[in-house]
Amino acid sequence: VITLGRHMAARLTRNYPLDKKWLYVIPPWVDVERIKPIPYGENPLLKSFNPDGKKVILYSGNMGVSHDIDSMLEAAKLLRGRKDLLFLFIGGGEKWQLAADFSKRHNLSDVKVHPFQPEKLLPMTMSLATISLVALEVGAEELMVPSKLFYYMAAGSAVVGICQGENELRDIIDDNEIGLCVHPGDPEALAKTIGGLLDDKSQLEKFKMNARYIAETQYSRNIGVNVFVSVLRKIEVLIDE
């Protein structure tokens with residue numbers, strides 16, 4: 001049995017009589033040669049997505065009913081007085097229209113909502129971010145590891161995680177000092193965290209540099225594939241025994 005994180009592995013061992021020698025943790029990986037920081041002025045999407053060169057708060061991916069898009073939108077509303085940031089939502093799902101309607105209803109010029117972009121543009125959209133947002137749905141703390149986290153890291157973005165309790169997302173963010181975490185359903189805390197991080201340039205730059213470094217040294221595709229091959233070889237030995 002191969003899981004994506006140690007909390008998932010712990011959940012399995014509590015619920016099932018698994019022999020630990022048959023249980024392995026292999027985290028998600030990312031192609032760090034394809035997804036990487038792009039100097040801001042060299043990003044081909046700058047003029048179309050962020051013509052004013054603001055600091056981008058990015059949410060990229062599925063906007064499902066279980067994702068805390070509502071707190072992100074409310075946080076954007078609370079931060080509407082700042083002229084140096086842009087909330088950029090790129091994706092689709094049940095809450096995509098909610099986000100588009102919210103921006104229009106509250107006349108939030110600093111909130112832009114775009115549909116999923118062609119896959120070839122992913123390296124460029126990811127590298128637009130100064131801070132990236134990732135939400136872990138309540139109740140899934142030991143059951144999910146959001147793959148977008150590793151793409152954010154590879155792009156050299158600081159990360160704000162929206163999650164509660166013990167989980168892989170919080171561990172990766174806290175242990176590697178790549179960002180901060182807030183509880184779901186608390187837009188005031190989210191707005192305060194985003195604003196404070198933007199104002200603390202030294203901490204922001206540290207988080208961004210750490211994110212890229214950790215992606216390269218722990219979660220690159222080459223590392224992940226080698227770990228997977230190593231696990232398969234161990235399993236082959238166990239089967240032979």
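Which residues does Ala75 touch, not counting residues up to four places away in sequence?

**View 1. Ala75 and its contacts.** Ala75 touches Phe87, Pro187, Leu190 and Ala191, not counting residues up to four places away in sequence. Contact means heavy atoms within 4.5 Å. This is a predicted model: local features need pLDDT of at least 70, side-chain atom pairs count only at pLDDT 80 or more, and totals for chains, interfaces and linings use all residues. Residues are numbered from 1 along each chain as its sequence is written, and side-chain values use heavy atoms, leaving out hydrogens and water. Ala75 has 0% relative accessibility, so it counts as buried (under 20% relative accessible area; exposed is over 50%, partly exposed in between; 1.4 Å probe, protein chains only).

**View 2. Helices α3 and α8.** Helix α3 spans residues 69-78 and helix α8 residues 187-199. They pack at an angle of about 60°, with their axes 8 Å apart. That makes α3 oblique to α8 (under 35 degrees is roughly parallel, over 145 roughly antiparallel, 65 to 115 roughly perpendicular, the rest oblique). Ser71, Met72, Glu74, Ala75 and Leu78 in α3 meet Pro187, Glu188, Leu190 and Ala191 in α8. By class, this contact has six nonpolar, one polar and two charged residues.

**View 3. Tyr59 and Phe89.** The structure holds two aromatic pairs (ring centres within 6.5 Å). The rings of Tyr59 and Phe89 have centres 6.4 Å apart and planes at 40°, so this pair is tilted (under 30 degrees is stacked, over 60 edge-to-face, the rest tilted). Tyr59 lies in strand β3 and Phe89 in strand β4, so the pair ties together parts 30 residues apart in sequence. Tyr59 is buried, at 1% relative accessibility. Phe89 is buried too, with a relative accessible area of 1%.

Definitions and conventions: Axes are lines fitted to C-alpha atoms, for helices over the stretch in contact, and angles run from 0 to 180 degrees between N-to-C directions. Helices (H or I, at least four residues) and strands (E, at least two) are DSSP runs, numbered from the N terminus. Ala, Val, Leu, Ile, Met, Phe, Trp, Tyr, Cys and Pro count as nonpolar, Asp, Glu, Lys and Arg as charged, and the others, Gly among them, as polar. Rings of Phe, Tyr and Trp (its six-membered ring) pair if their centres lie within 6.5 Å; planes under 30 degrees apart count as stacked, over 60 as edge-to-face and the rest as tilted.
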